[in-house]
Amino acid sequence: MIPITLLLEPAVVRFYAHIAALTGLPLEQVLSDALFKLAGELSLESLKSEESIL
């Protein structure tokens with residue numbers, strides 16, 4: 001894994017810290033999972049957009 005530094009708004013950190021506390025996972029893991037899921041969703045949306053153009 002490659003470490004990355006992100007600058008986040010305090011409210012965003014509070015939200016994901018709350019999720020981390022509820023799930024018992026480290027904040028970094030929750031943020032990583034959320035970004036990975038978003039990347040997948042955006043990829044699928046992009047593929048659907050390409051299909052509708054063709």
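Author: Welcome! A helix here is a DSSP run of H or I with at least four residues, a strand is a run of E with at least two, and both are numbered from the N terminus. The model is predicted, so local features need pLDDT of at least 70, side-chain atom pairs count only at pLDDT 80 or more, and totals for chains, interfaces and linings use all residues. Residues are numbered from 1 along each chain as its sequence is written, and side-chain values use heavy atoms, with hydrogens and water left out.

Reader: How many helices and strands does the protein have?

Author: The protein has two helices and zero strands.

Reader: Why are H1 and H2 called roughly perpendicular to each other?

Author: Axes are lines fitted to C-alpha atoms, for helices over the stretch in contact, and angles run from 0 to 180 degrees between N-to-C directions. The axes of H1 (residues 10–23) and H2 (residues 27–53) cross at roughly 110 degrees and come within 8 Å. Angles under 35 degrees count as roughly parallel, over 145 as roughly antiparallel, 65 to 115 as roughly perpendicular and the rest as oblique. H1 and H2 are therefore roughly perpendicular. Contact (heavy atoms within 4.5 Å) is made by residues including Val-13 and Ile-19 of H1 and Val-30 and Ala-34 of H2.

Reader: What makes Leu-27 partly exposed?

Author: Buried means under 20% relative accessible area, exposed over 50%, and partly exposed in between (1.4 Å probe, protein chains only). Leu-27 has 26% relative accessibility, so Leu-27 counts as partly exposed. This residue is found in helix H2. Leaving aside neighbours within four places in sequence, Leu-27 is in contact with Val-13, Tyr-16, Ala-17 and Ala-20.

Reader: Why is Val-12 called partly exposed?

Author: Val-12, in helix H1, has a relative accessible area of 32%, so Val-12 is partly exposed.

Reader: How do you know that the rings of Phe-15 and Tyr-16 are edge-to-face?

Author: Rings of Phe, Tyr and Trp (its six-membered ring) pair if their centres lie within 6.5 Å; planes under 30 degrees apart count as stacked, over 60 as edge-to-face and the rest as tilted. By this rule the count is one aromatic pair. The ring centres of Phe-15 and Tyr-16 are 5.0 Å apart and the planes stand at 85 degrees, so the pair is edge-to-face. Tyr-16 counts as partly exposed, because its relative accessibility is 23%.

Reader: How much of the whole protein counts as buried?

Author: Of the 54 residues, 6% count as buried.
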